[in-house]
Number of protein chains: 2
Amino acid sequence: MWNNAKDRALRDRAAQVIPGGMYGHQSTALMPDGFPQFFTRAEGTRITDTDGNSYIDFMCAYGPNLLGYNHPEVMRAVRDQQALIDTATGPSPLIVDLAEAMVGMVSHADWAMFCKNGSDATTMALMIARAYRDRRKVLVATNAYHGSLPWSTPRPGGVVPEDRAHLIYFDYNDPQALTDAAKQAGDDLAGIFAAPFRHDTFADQTLPDAEYARTARRIADEQDALLVVDDVRAGFRVTRDCSWETIGVRPDLSAWGKVLGNGQPISSLLGNDRARAAASKVFVTGSYWFSAVPMAAALETMRIVRDTNYLEHMQKIGGMFRKGLVDQARDFGFALRHTGPETLPMVLFEDDPDFRLGYAFCAAAMKRGVYLSPYHNMFINAAMTEADISETLEATGAAFEDIKRNRDSLKPSQVLMAMMET
Amino acid sequence: MWNNAKDRALRDRAAQVIPGGMYGHQSTALMPDGFPQFFTRAEGTRITDTDGNSYIDFMCAYGPNLLGYNHPEVMRAVRDQQALIDTATGPSPLIVDLAEAMVGMVSHADWAMFCKNGSDATTMALMIARAYRDRRKVLVATNAYHGSLPWSTPRPGGVVPEDRAHLIYFDYNDPQALTDAAKQAGDDLAGIFAAPFRHDTFADQTLPDAEYARTARRIADEQDALLVVDDVRAGFRVTRDCSWETIGVRPDLSAWGKVLGNGQPISSLLGNDRARAAASKVFVTGSYWFSAVPMAAALETMRIVRDTNYLEHMQKIGGMFRKGLVDQARDFGFALRHTGPETLPMVLFEDDPDFRLGYAFCAAAMKRGVYLSPYHNMFINAAMTEADISETLEATGAAFEDIKRNRDSLKPSQVLMAMMET
């Protein structure tokens with residue numbers, strides 16, 4: 001029987017020593033009531049909360065879990081490397097091996113730099129674009145998430161207008177809006193940031209229009225600016241290359257993170273020769289950027305990406321999840337919008353403007369052992385099996401039944417409503 | 001016999017796939033010729049390069065190595081935690097344990113947030129100071145290092161003037177300069193950044209003047225702004241508390257990193273109740289900020305910090321190193337300036353304006369198995385023994401003899417001279 005007594009006790013302690021009780025993307029403040037905040041185990045496709053409740057986890061650590069938690073081969077590489085060298089006074093040769101491996105795998109890339117946060121990689125891209133021709137203006141799609149530093153964080157606290165003085169916003173997938181923004185930047189255009197597809201919270205995902213992508217490439221070429229694809233969220237879940245390779249458009253820079261080390265902390269910026277000199281002009285660094293263990297994990301992860309059918313398997317599993325959910329919804333009289341790549345599914349209910357259906361559905365599924373998000377794209381991992389999806393659909397079937405039965409008494413989330421008002 | 005054939009071969013490969021061959025603080029571009037770039041082992045007090053040369057390491061990974069590389073108790077905590085949960089869909093209870101432990105150890109702190117880079121922690125401090133009373137101006141000591149994001153990186157590449165529009169610089173340790181800067185900020189003063197002591201590269205270190213520190217505190221109080229101590233570099237090497245506790249001045253925020261996990265990737269921002277509401281207003285996060293393994297390492301590191309004489313031992317070892325070097329220098333007819341805390345020594349030669357003596361000395365010591373820096377403060381770790389210092393002094397004695405013999409033929413570093421001209 002699901003309960004969360006220990007989780008609630010931990011929240012009380014956390015409220016004393018952590019501002020707001022928790023922060024950042026892993027705070028469950030915005031999740032449906034009762035969603036566990038703390039977890040004690042993660043193995044394969046499952047996470048276990050402090051009260052011992054186990055869940056099939058469709059958030060995958062918000063991305064990093066690509067191959068399954070505690071993956072035996074990746075963790076063997078981690079342990080072997082830990083015995084040799086990790087964080088030290090210089091990098092290990094693995095930094096060269098890993099740069100070569102990424103350059104070998106990602107078509108547009110001639111070089112690699114490694115860092116820790118996705119924000120590190122996107123900020124390096126911002127700086128390198130500006131250093132490239134000593135210009136200032138950078139085009140960014142409205143609402144696209146590129147990290148949580150002052151220039152990019154989605155909330156206003158602690159941000160001054162100057163942090164974004166030279167950013168020009170445009171509507172994703174709109175070639176005309178992009179063209180207008182580039183015109184506005186004129187001969188001060190440094191770079192164009194592109195999300196591989198639109199994956200904003202609380203919204204349907206939208207795949208990139210090829211014309212839009214080609215327009216971005218053409219403008220960058222014509223105005224001698226750098227095109228950046230932020231693949232931190234989607235990398236290696238769309239293709240074994242930069243995600244825009246699927247539509248035939250190559251950026252100058254691409255930002256990577258999350259999946260690279262299957263949970264070991266590493267991110268990366270890749271670039272082409274055009275951007276190389278600019279990349280060597282910026283001074284960027286971090287205490288742990290040269291640590292060897294996450295690079296060993298990344299090398300093993302990339303070997304698996306290269307040599308196995310992990311991607312095709314994830315696509316099949318993601319397809320089963322999608323079809324199963326949509327069919328169930330129809331059977332119970334609901335309509336779902338299941339958008340984006342099947343490996344990064346966003347699931348929203350039709351006719352649910354205040355998300356009360358989605359919230360109640362996810363809460364009901366959670367109590368039956370399936371961890372879904374009502375507002376953020378989810379993630380498939382390669383350890384998921386058909387049996388996991390069957391078990392998931394059993395839980396979601398019961399969840400649909402629940403919300404159908406209680407439909408008239410469902411209320412919107414108070415926290416969500418308060419946030420939406422600001 | 002020291003040689004670096006494999007290191008040079010790796011550098012050739014790196015030059016193809018990493019901009020400039022290497023980047024950031026672990027690039028040896030500015031070190032004396034021949035300094036190894038790549039290392040394959042780190043154990044206790046020693047690092048081994050790719051050619052099999054072993055060094056007593058006085059850089060300690062530029063800080064993180066506090067207790068010795070591959071420390072048995074810290075690594076046991078790491079392995080035990082790896083079997084349970086690391087990077088997952090939520091934090092583990094360890095985030096609460098660790099926040100409580102830090103609040104228990106650091107006098108000014110009522111709460112903690114965790115992140116990865118030192119830059120994350122200092123940037124959170126910047127944002128929280130601005131969010132506190134919705135003001136913009138932040139006072140920063142000229143040349144103080146607070147990270148490598150656009151607002152703080154020490155080199156101009158990729159930085160636009162707006163990144164620092166609301167920073168006001170003052171001379172470290174000068175109460176009048178600080179007072180003038182605060183006056184300039186007026187009622188828009190958000191915060192004051194203080195390094196625990198001055199530790200700029202290529203310069204003597206200066207301990208904080210108590211009057212300067214008290215002035216900083218007084219101004220923050222009078223103008224209702226937040227005082228920040230950036231303890232990323234010096235934390236737990238000066239005292240088992242915030243470094244300014246030694247002079248009786250408590251900040252509102254302190255930034256921590258490097259030593260926290262003895263090499264496992266974790267940094268932290270601590271704050272008091274005055275700053276709590278502002279801290280909960282900023283949205284900051286990172287893919288790996290909630291990972292449990294570095295928190296397990298940090299908890300074990302803090303246990304050792306609390307329960308052992310690691311600090312007194314480091315102070316004794318650092319004192320031996322200082323006295324030994326200064327005595328040797330005098331015996332060979334050189335004068336050294338050995339500044340800063342003995343656990344974070346900066347060693348510069350008198351009468352060495354272009355650093356040729358320091359560079360030649362460090363190169364000679366390096367070839368005899370002792371890794372020193374001619375321009376950056378060094379770090380003592382708690383695994384160092386009196387035998388390590390004896391072995392070190394044997395190498396440095398020979399190095400002094402070397403540079404005395406070759407004094408007239410020494411040349412300044414070309415790379416350094418080129419950098420100093422820009």
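Reader: Which residue is the bridge partner of V140(B) in β6(B)?

Author: Happy to start there, with the reminder that this is a predicted model, where local features need pLDDT of at least 70, side-chain atom pairs count only at pLDDT 80 or more, and totals for chains, interfaces and linings use all residues. Residues are numbered from 1 along each chain as its sequence is written, while chains are lettered from A and ligands numbered from 1 in the order in which they are written. Strands here are DSSP runs of E, at least two residues, and helices are runs of H or I, at least four residues, numbered from the N terminus. Within β6(B), V140(B) has as its bridge partner Y169(B).

Reader: How many bridges join strand β5 of chain B to β6(B)?

Author: Two strands pair if DSSP finds at least two bridges between them. β5 (residues 137–141) of chain B runs parallel to β6(B), and the number of bridges joining them is 4.

Reader: Which strands stand at the edges of that sheet in chain B?

Author: The open sheet has 7 strands with mixed pairing, in the order β4-β10-β9-β8-β7-β5-β6 (chain B). Each edge strand has a single partner, so one side of it is left without a neighbour in the sheet. Those edge strands of chain B are β4 and β6 (167–170).

Reader: Which element gives the most to the side of chain B that touches chain A?

Author: Counting residues as in contact if their C-beta atoms, placed from the backbone, lie within 7 Å, the contact takes 89 residues from chain B and 88 residues from chain A. Elements of chain B that each supply at least two residues include α1 (5–17), α3 (94–105) and α4 (118–133). With 8 residues, the one that gives the most is α4(B).

Reader: What percentage of the interface residues of chain B are also interface residues in chain A?

Author: The copies meet through the same surface, because the share of chain B interface residues that are also interface residues in chain A is 99%.

Definitions and conventions
Two residues are in contact if their C-beta atoms, placed from the backbone, lie within 7 Å.
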